[in-house]
Amino acid sequence: MLKYFSATLIAVWSASVLALPRWSGGVGYEARLEREVNPDFVETKGVPQIFARVSWTSWEAQLEFSSEKGASSAGALKVQSQTVGLSGWGRYAFLEQKRWRPFAEWGAGSYFDQITSEFGASTTQSRGKRPFVGVGGGIFAVYWNHLLVETGARISFVRERKEPLAAALIRIGFVF
Amino acid sequence: MRIGIFAIFTALLMGCADSGQKCGNKVLALWPTEAGDYKFQEITLSTLNDPYSLSGGAAKIYFEALIGGGGFSGKVARPRFTRAGDLCVPMDSASAMAVSMYARFEHLLKFEASLGTLDMLQWPRKVGLDIHVRSNDGMTHNNAHYFGQGDSIAVLPYNLQGVPLGLNPGVMAHEHFHGHFQKQVIDPINLRLRPAFDAESLFYSGFHSAFAKATVEDLDRVDTRSARGLNSFVLRAWNEGLADFYGGIYSKNPRYFKDSLPTLENARALDARVREFMSAKSLQMIAARSVGPQPLVSNSYDQGAVLARVLFTLANSGVETPEAFLVRIMRRLNQIPEAITGQFELRVLEFGDVLPVLLRDFPLAAPQCAVLVRALSKELLTKNFPQCSNTSVRR
């Protein structure tokens, strides 16, 4: 996993010039398409996130943080999950002169899970992780030099899943 | 240039996406302990190559799948796991149930291998969890069924507060046994009763199968005024009783229904007092008074419970180990069709008529005879177990 982060950072730094970086940050919403336990059915799940980004002309590096909870039961069996996602992304934004700029991105990260399984008096807590890598793209614009709006899509390949995770994203933020 | 850099990095990332060790074959499953309570334990699945797709040598597990004449349709269940060290931890109750169910059938496979009865059935077994079907009695929850046509087990959704049916070892073993009875008893009887040439079936072969004669397990369509029709209910009683018995020996719990379906505890208790079977004449009287098959089906379960108690009591009477007695019973299942088919359409069988077949060559001393005296009428006892005729017990 460390090598993925290193590769991303090296790519960004190696492409940067002497331009001053611009920082931005904000909130986002990720709508994921996930196959259920019966893989013939697909469910959508919404996950909120916050992000921080630094941009050098067309190259950008972004950190994302997300949090989600889940609860399910069957009879007296109950399973609760709490997941924190942390990832780093390298991005390249095209068409520097345009208001709406398409971008391509790639990145890596991990989901950190805490699972609480209960049955009657028996309870067990487990901590696990699910590293992933992903690629994606989208389009963004900056209004009044500060208001960032963005939409995009990405596919993530999670180590503990057979199928990739597809997601659509929207973000809104402030450029400093 | 930029596109090229992006393409190279993308290829590198995607190429590395699958690297690293995935979650192995050790899973966290809800499992009964030796003391009989249920705890989350690490279970190693030796017949499952890939825990992300529940299809292996022991079973194919389906979740919320459709079921038809050929069994389940669609793909097998894909549980969601997170990895904690080398342990796969299910992330939701559906995943936990599905993987625990696979573990159960792997345990059943090993149990049958230890008995030497593995070759009596086809593996992997097909099992569905949270299957949405409606029983003939209208139930959509808290039940499980074996479908002979597709050789599949369907567990309906469970909404009580006990052990889910799919996790109850005795219940799963009960349903699993129905596969044995289908193959060893029902299918051969249907084959024997099917006429070699039937002009009627020639005419109706192009029409809906409703016109065909009911098979012996099709209780909704039998003619309850005929011996053949009523014998289907006798067969059902034997099927359910033997399944109860198998479940009790496998789970080592004579009251395994209690954990999931407490209202059935006493009715299906294997360690309850043995009582006499209902007579064929009484069965005919019930049939004459009944509207629809449901009262007769209920009666079949009741008489099945009597058979199960007889067998369970004999299994624990000290002649041999319960498992050895179970093997004895299972090896004699294929003798039932020959013993009864000749009379199947001529007279209504007695519920106790299965015992002489199952207990052939079983040594009967006073304790064993005492059980049979309680269960059988004097006439049946004298005819089939003359060595027990002089045993008297208080009923």
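**Interface and surface of chain A**

The contact between the two chains takes 51 residues from chain A and 52 residues from chain B, where contact means heavy atoms within 4.5 Å. In chain A, the residues that lose the most area to chain B are A:Val37, A:Arg159 and A:Glu160, together 17% of what that side buries. The structure is a predicted model, in which local features need pLDDT of at least 70 and side-chain atom pairs count only at pLDDT 80 or more, while totals for chains, interfaces and linings use all residues. Residues are numbered from 1 along each chain as its sequence is written, chains are lettered from A and ligands numbered from 1 in the order in which they are written, and side-chain values use heavy atoms, with hydrogens and water left out.

About 4200 Å² is buried between chain A and chain B, and carbon and sulfur atoms give 64% of this area. Buried area is the accessible area (1.4 Å probe) that two parts lose on being put together, summed over both. There are 3 salt bridges between chain A and chain B, a salt bridge being a side-chain nitrogen of Lys or Arg within 4 Å of a carboxyl oxygen of Asp or Glu. A salt bridge joins the side chains of A:Glu163 and B:Arg78, at 2.0 Å from N to O. On the side of chain A that touches chain B, at least two residues each are supplied by α1 (2-15), β1 (22-35), β3 (59-74), β4, β5 (100-119) and β6 (122-143) of chain A. The most is given by β6(A), with 11 residues.

Chain A contains 1 helix and 8 strands, assigned as DSSP runs numbered from the N terminus (helices: H or I, at least four residues; strands: E, at least two). Along the sequence the pattern is α-β-β-β-β-β-β-β-β. Of the contacts in chain A with a separation of 6 or more, 55% are between residues 24 or more positions apart. Of the 176 residues in chain A, 50% are buried, with buried meaning under 20% relative accessible area, exposed over 50% and partly exposed in between (1.4 Å probe, protein chains only).

The accessible surface of chain A is about 8400 Å², and 65% of it belongs to carbon and sulfur atoms. Areas were computed by the Shrake-Rupley method with a 1.4 Å probe; for residues, only the protein chains shown count as cover. A nonpolar surface patch is formed by A:Val27, A:Ile50, A:Phe65, A:Leu86, A:Phe112 and A:Ile172, with about 520 Å² of accessible area together. Patches are made of residues with over 30% relative accessible area and no salt bridge, with like charges joined within 9 Å and nonpolar side chains (Val, Leu, Ile, Met, Phe, Trp, Tyr) within 5 Å. A:Leu86 lies in strand β4 (residues 77-93) of chain A and is partly exposed, with a relative accessible area of 42%.
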